[in-house]
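Here is a short briefing on one protein. Look at the structure first, then work through the points by topic.

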Amino acid sequence: MVVISRFWCFGVFVDISRVDLNLLVYLDVLLRERNVTKAANHLGITQPAMSNGLRRLRDLFSDPLLVRTSEGMTATERARELQPLVRGILSDIEQAVQEKTPFSALDSQRVFRIMASDYAESCLMPRVLRRIRQEAPHVTLDVLTPSDVSFLDVEQGRLDMAINRFDKIPQSFHQKTLWTEYFACLMNARNPVLKEPFTLDTYLDASHIWVSKTGFGVGVGVNPKDVQRLGWVDEALSRMGRKRQISVFTRHYQVAMLLAEQHDLVATLPSRAAWLQKDNPNLVVKVPPFEIPPFELKMAWSPLLQHNADHQWLRKLIAEVATEVDTEFAPFGARFEAPDAPQAHHSER
C-alpha cells in the first residue's frame with residue numbers, strides 16, 4: 001500500500017499531515033471579512049480560536065496573510081493569490097460531499113433570489129418569469145435591486161444570481177455574457193430637435209435625461225460636473241471635448257422612457273430598453289450621432305452554486321430566454337451596431 005504524505009499545493013510541496021481542512025475554511029472567511037472577530041462570529045467560534053487559526057495559517061504559508069494598516073486588516077499579495085484557489089478547493093469539496101438530487105422543476109417550491117438592474121428587469125425578467133411559470137409553477141422569484149445586495153451576498157450564495165453590467169467582478173465568481181448592448185436615443189415624436197437633421201450639434205442643443213444605476217450598494221446623489229462618474233454617454237462626449245445639458249437624473253429606465261414623452265427631452269439609453277417602446281406612437285428612436293462604446297449584460301453567481309442542480313436549471317433557463325430576446329431584437333437593433341462592431345459572445349466561466 002502506498003501512503004501519500006506530500007502533495008503539490010499552492011506552488012509548493014506540502015506535508016498533508018500538517019493541513020487541517022478547517023484552516024482553509026478559516027482562511028476563506030478571514031480573507032472575505034478582513035477582521036478576526038467578524039470571521040469568528042461568522043463561523044461560530046471564539047475570537048481566540050480564530051486568532052490561533054490565523055497564527056497556524058501564517059506558519060503553514062510562511063506569510064503574514066493579513067497585516068494591520070490604517071485601513072484595517074489588509075491582505076498581503078500572497079493572500080490575494082490564495083483567495084480564489086482556496087475558494088475553488090472548498091467549492092470542489094462541497095460538490096464532492098453534497099448529495100446529488102435531481103431537480104424537478106414541476107414539483108420544486110424553491111425561492112430563487114435574483115439581483116437585476118432596472119434595465120435587465122425590464123428587458124429580460126418578464127420573459128424569465130413567464131418561462132418559470134410555465135415550467136416550475138410553484139417556484140417563487142424574488143427580484144432585488146443593486147442597492148439591496150453586495151458582492152459578499154453573491155459570494156456566500158445568499159443571492160442566486162446577479163444580472164447586470166459589471167465594471168469589475170470578483171475573480172472567484174462564475175459568469176456568462178447574455179448579450180452585447182448598444183445605445184439609442186428616445187424622444188417625443190414632436191421634439192423640436194427633430195425639425196433639423198439629428199446631428200451631434202442638434203443632440204447637444206437638446207435637454208437630456210440621465211439614467212444609470214449599475215453597481216452594488218446604496219446609491220448617492222450625482223454631481224453633474226463629475227463626468228467620470230456619469231457613465232458611458234458622458235464619457236464618450238468628454239473624449240470629444242463636448243458636454244450635454246442634463247435636466248433630469250433618474251436611476252430607473254422605465255421612468256426615463258416615460259419622461260422621454262415630454263416634448264423637449266432626449267433619453268440616451270440601451271437600445272433594448274428603447275425597443276420596448278417600439279409600438280408607442282408618441283415616441284421615436286434615433287441612432288446616437290456619436291459613438292458610444294457598447295457594454296455586456298452578464299449574469300454572475302457564486303462558485304458555491306456552480307454544481308447545484310436547481311441553479312443549473314435556472315442558469316440554463318435564463319440563458320435560453322436571453323437568446324430568444326436577442327433573436328427577436330436583432331432586426332430592430334442592427335442599425336445601432338457599428339459596422340465593425342464586436343460580435344456578441346456567450347462565453348461562460
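Contact here means that heavy atoms lie within 4.5 Å. By that rule, and leaving aside neighbours within four places in sequence, tryptophan 313 is in contact with Phe103, Ala105, Phe112, Ile132, Glu135 and Ala136. The model is a predicted one. The protein has 12 helices and 14 strands.

**Overall picture**
- Of the 349 residues of the protein, 46% count as buried.
- Take the contacts with a separation of 6 or more: residues 24 or more positions apart account for 77% of them.

**The open sheet**
- In what order do the 5 strands of the open sheet run? The order is S6-S5-S7-S14-S8, and the pairing is mixed.
- Strand S6 (140-144) and strand S8 (174-181) stand at the edges. Each has a single partner strand, so one side of each is left without a neighbour in the sheet.
- From one strand to the next, the twist averages 20°.
- In a regular strand, side chains alternate between the two faces of the sheet.

**How the strands pair**
- S5 and S6 are parallel, with 5 bridges between them. Phenylalanine 112 has leucine 141 in S6 as its bridge partner.
- Phenylalanine 112 is also one of the residues in contact with tryptophan 313.
- S5 also pairs with S7 in the parallel sense, over 3 bridges. Here alanine 116 stands opposite isoleucine 163 in S7.
- S8 and strand S14 (residues 295-301) pair in the antiparallel sense, over 7 bridges. Threonine 180 stands opposite glutamate 296 in S14.

**A helix across the sheet**
- Which strands does helix H12 (residues 309-333) lie across? They are strand S5 (111-116), strand S7 (161-164), S8 and S14.
- H12 runs at about 10° to S8.

**Nonpolar cores**
- The largest nonpolar core has 66 residues. Leu124, Ile163, Leu186, Tyr203, Leu269, Trp313 and Ile318 touch the most other members.
- Which element gives this core its largest share? The answer is H12, with 10 residues.
- Domain 2 (111-180 + 297-331) and domain 3 (183-293) each supply at least three residues to this core.
- A second, separate core has 23 residues, including Leu23, Leu60, Ala79 and Leu90.

- Helix H9 covers residues 232-239. Its buried residues are Val233, Asp234, Ala236 and Leu237.
- What covers the buried residues of H9? The cover includes strand S9 (183-188), helix H8 (200-205), strand S10 (207-211), strand S11 (245-250) and strand S12 (265-270).
- After H9 comes glycine 241. The phi of glycine 241 is positive, near 75°.

**Glycine 231**
- Glycine 231 lies in the loop between S10 and H9.
- Is glycine 231 buried or exposed? Buried means under 20% relative accessible area. Glycine 231 has 16% relative accessibility, so this residue counts as buried.
- Glycine 231 and valine 211 are 20 residues apart in sequence. In space they are 9.2 Å apart, C-alpha to C-alpha.

Note on methods:
Residues are numbered from 1 along each chain as its sequence is written. This is a predicted model: local features need pLDDT of at least 70, side-chain atom pairs count only at pLDDT 80 or more; totals for chains, interfaces and linings use all residues. Side-chain values use heavy atoms; hydrogens and water are left out. Two strands pair if DSSP finds at least two bridges between them. Helices (H or I, at least four residues) and strands (E, at least two) are DSSP runs, numbered from the N terminus. Axes are lines fitted to C-alpha atoms, for helices over the stretch in contact, and angles run from 0 to 180 degrees between N-to-C directions. A nonpolar core is a set of buried Ala, Val, Leu, Ile, Met, Phe, Trp, Tyr and Cys residues joined through side-chain atoms within 4.5 Å. Buried means under 20% relative accessible area, exposed over 50%, partly exposed in between (1.4 Å probe, protein chains only). Domain bounds come from an automatic or database domain assignment.
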